[in-house]
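Hello,

Here is the structure I said I would pass on. Please look it over before you read my notes.

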Amino acid sequence: MKLGRLNHIGVATPSIEESVRYYRDVMGATSFHKPFDLEAQGVKVCFVDTPGLDGTKGTQIELIEPLGPDSPIAKFLEKNPAGAQHHVCYEVEDIEDARKWFEELGKRILGPTRIGAHGTPIFFLHPKDMMGQLTEIMETPKENAHWSN
Ligand SMILES: CC[C@@H](C(=O)O)C(=O)SCCNC(=O)CCNC(=O)[C@H](O)C(C)(C)COP(=O)(O)OP(=O)(O)OC[C@H]1O[C@@H](n2cnc3c(N)ncnc32)[C@H](O)[C@@H]1OP(=O)(O)O
Ligand SMILES: [Co+2]
């Protein structure tokens, strides 16, 4: 498997509205995507662009707020009530190859491969197997993606 671009850093927050104010007023961010609910993942999502200032493609902050008490980030926010960095997400060319790679390394994969917030397949790896970081692996968007939900 070949590691690709850092696609986003997931930041858990009790309030997307408050976090948007922080990224705008403190961090100087100027590009915010419209927040949306991703019921299947139990979170409300808002992307903040962190573009390359030399015109290159940058990465994103993915603000995630729990949709309810069963959200996968609810327990994390109980431990970090003000919010905190939650996961890192890297792109790969082929999600199935990547899944096999991590399985062969004996890493714990958290649940099935599913469709993430960018509309491409994703899966998660347990933070205890990944140097303390909850790691999301995401297939790079392709024009002729064969995957369907
Ligand atoms: C927006 C959609 C999508 C996208 O397209 O980008 C997303 O990003 S969705 C993001 C939310 N979804 C997920 O996180 C799914 C995967 N997560 C899980 O399966 C679980 O949350 C978990 C990682 C297995 C944690 O399980 P949980 O039961 O909630 O917590 P525990 O407290 O039992 O955790 C066990 C252990 O791991 C430590 N931990 C938990 N979360 C993290 C974290 N984010 N980063 C680092 N470490 C984490 C936790 O502290 C426990 O450690 P000990 O206390 O030492 O036992
Ligand atoms: Co994510």
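The notes below cover the ligand shell and then the strands.

This is a predicted model, in which local features need pLDDT of at least 70 and side-chain atom pairs count only at pLDDT 80 or more, while totals for chains, interfaces and linings use all residues. Residues are numbered from 1 along each chain as its sequence is written, and chains are lettered from A and ligands numbered from 1 in the order in which they are written.

Around ligand 1 there are 25 residues, the closest being Leu-110, Gly-116, Ala-117, Pro-127 and Leu-134 (a residue counts if its C-beta atom, placed from the backbone, lies within 6 Å). Elements giving two or more residues to this shell include strands E5 (84-92) and E7 (121-125); helices (H or I, at least four residues) and strands (E, at least two) are DSSP runs, numbered from the N terminus. The largest share, three residues, comes from E5.

E5 also pairs with other strands (pairing takes at least two DSSP bridges). Strand E1 (residues 6-12) and E5 are antiparallel over six bridges, with Val-11 opposite Gln-85. E5 and strand E8 (residues 135-139) run parallel, joined by five bridges. E7 and E8 run antiparallel, with four bridges. Glu-136 in E8 stands opposite Cys-89 and also opposite Phe-124.

Five of the five residues of E8 are buried, so E8 is largely enclosed by the rest of the structure (buried means 20 or more other C-beta atoms, placed from the backbone, within 10 Å of the residue's own). Thr-135, Ile-137 and Glu-139 point one way from E8, and Glu-136 and Met-138 the other. In a regular strand, side chains alternate between the two faces of the sheet.

Regards

Technical notes
Buried ≥ 20, exposed ≤ 12 C-beta atoms within 10 Å, placed from the backbone.
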